[in-house]
Amino acid sequence: SLMGMEGGHSIHSSMASLRSLFTLGARYMTLTHSCNTPWAQSCSDVKMDPPLTAFGVEVVHEMNRLGMLVDLSHVAHDTMRMVLDVARAPVIFSHSSVYALCDNPRNVPDDVLKRIPENGGVVMVNFWPSFVACGKNATLGQVADHVVYIRNLIGAKFIGYGSDFDGIPTVPQDL
């Protein structure tokens with residue numbers, strides 16, 4: 001298990017803070033959470049232009065240099081694309097599902113999924129019914145549908161499980 005930071009807000013737009021948190025043991029950081037950082041667009045906040053600023057690119061590059069994983073869960077689809085354009089190391093989606101199966105903006109669209117093999121990253125499927133079935137109820141079979149979808153699109157070695165058990169109020173039936 002890795003210690004991470006869910007939301008780039010925790011670095012207060014400071015490279016020194018990013019480096020300090022890495023020194024203290026953080027090994028991944030989700031660039032945003034439910035709102036934008038000054039340098040990256042969240043999937044659930046107002047649109048930014050660009051969705052990843054020049055400082056955001058510097059953050060990604062510094063994380064790559066340090067050996068800290070860039071986590072793209074919670075970011076906007078255009079932010080995902082921009083990060084994949086500039087990343088020098090594999091990225092992760094620590095707790096996201098497939099947009100084609102549930103069109104929640106937190107989920108990963110096909111064009112981004114198709115870029116994961118080239119990047120070497122991993123998509124860790126979330127278990128929250130809102131991201132699995134776009135509703136209050138989901139089944140374990142529907143979670144499996146997301147896993148199978150990713151496997152069929154890009155291959156099994158790019159799949160993980162990011163249940164989000166510590167952050168979801170309900171779980172799929174049969175789990």
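# Pocket lining, salt bridges and backbone

Biologist: How do the residues of the lining of the largest pocket divide into nonpolar, polar and charged?
Modeller: Ala, Val, Leu, Ile, Met, Phe, Trp, Tyr, Cys and Pro count as nonpolar, Asp, Glu, Lys and Arg as charged, and the others, Gly among them, as polar. On that scheme the lining of the largest pocket holds eight nonpolar, five polar and three charged residues.

Biologist: What kind of model is this?
Modeller: Residues are numbered from 1 along each chain as its sequence is written, and side-chain values use heavy atoms, with hydrogens and water left out. Local features need pLDDT of at least 70, side-chain atom pairs count only at pLDDT 80 or more, and totals for chains, interfaces and linings use all residues; the model is predicted.

Biologist: What is the volume of the largest pocket?
Modeller: A pocket is an open set of points on a 1 Å grid over the protein atoms alone, where a 1.4 Å probe fits, with protein on both sides within 12 Å along at least five of seven lines. Points are joined across faces, edges and corners, and volume is the space filled by probe spheres set on them. For the largest pocket it is about 290 Å³.

Biologist: Which strand gives the most to the lining of the largest pocket?
Modeller: The lining has 16 residues (an atom within 4 Å of a point), and those closest to the pocket centre are Tyr-28, Ser-94, His-95, Gly-162 and Asp-166. Strands (E, at least two residues) and helices (H or I, at least four) are DSSP runs numbered from the N terminus. The most comes, with three residues, from residues 3-6, strand E1.

Biologist: Which residues are linked with Lys-47 in a network of salt bridges?
Modeller: Lys-47 meets Asp-78 at 3.7 Å, N to O. Asp-78 lies in helix H3 (residues 77-86) and Lys-47 in the loop between strand E2 (26-30) and H2, so the contact ties together parts 31 residues apart in sequence. Lys-47 is exposed at 65%, whereas Asp-78 is partly exposed at 36%. Linked with Lys-47 in the network are Asp-78, Arg-81 and Asp-111.

Biologist: What is the N to O distance between the side chains of Asp-85 and Arg-115?
Modeller: Asp-85 is in helix H3 and Arg-115 in the loop between helix H4 (110-113) and helix H5 (116-119), so parts 30 residues apart in sequence are tied together. Asp-85 is exposed at 55% relative accessible area, and Arg-115 is partly exposed at 27%. Their salt bridge has an N to O distance of 2.6 Å.

Biologist: Where is a cis peptide bond?
Modeller: Most peptide bonds are trans. The cis bond has an omega of about 5°, and its proline is in the loop between E2 and H2. It joins Asp-49 and Pro-50.

Biologist: What is the phi of His-74?
Modeller: Most residues other than glycine have a negative phi. His-74 lies in the loop between strand E3 (69-71) and H3 and is buried at 9% relative accessibility. Its phi is positive, at about 80°.

Technical notes:
A salt bridge is a side-chain nitrogen of Lys or Arg within 4 Å of a carboxyl oxygen of Asp or Glu. Buried means under 20% relative accessible area, exposed over 50%, partly exposed in between (1.4 Å probe, protein chains only).
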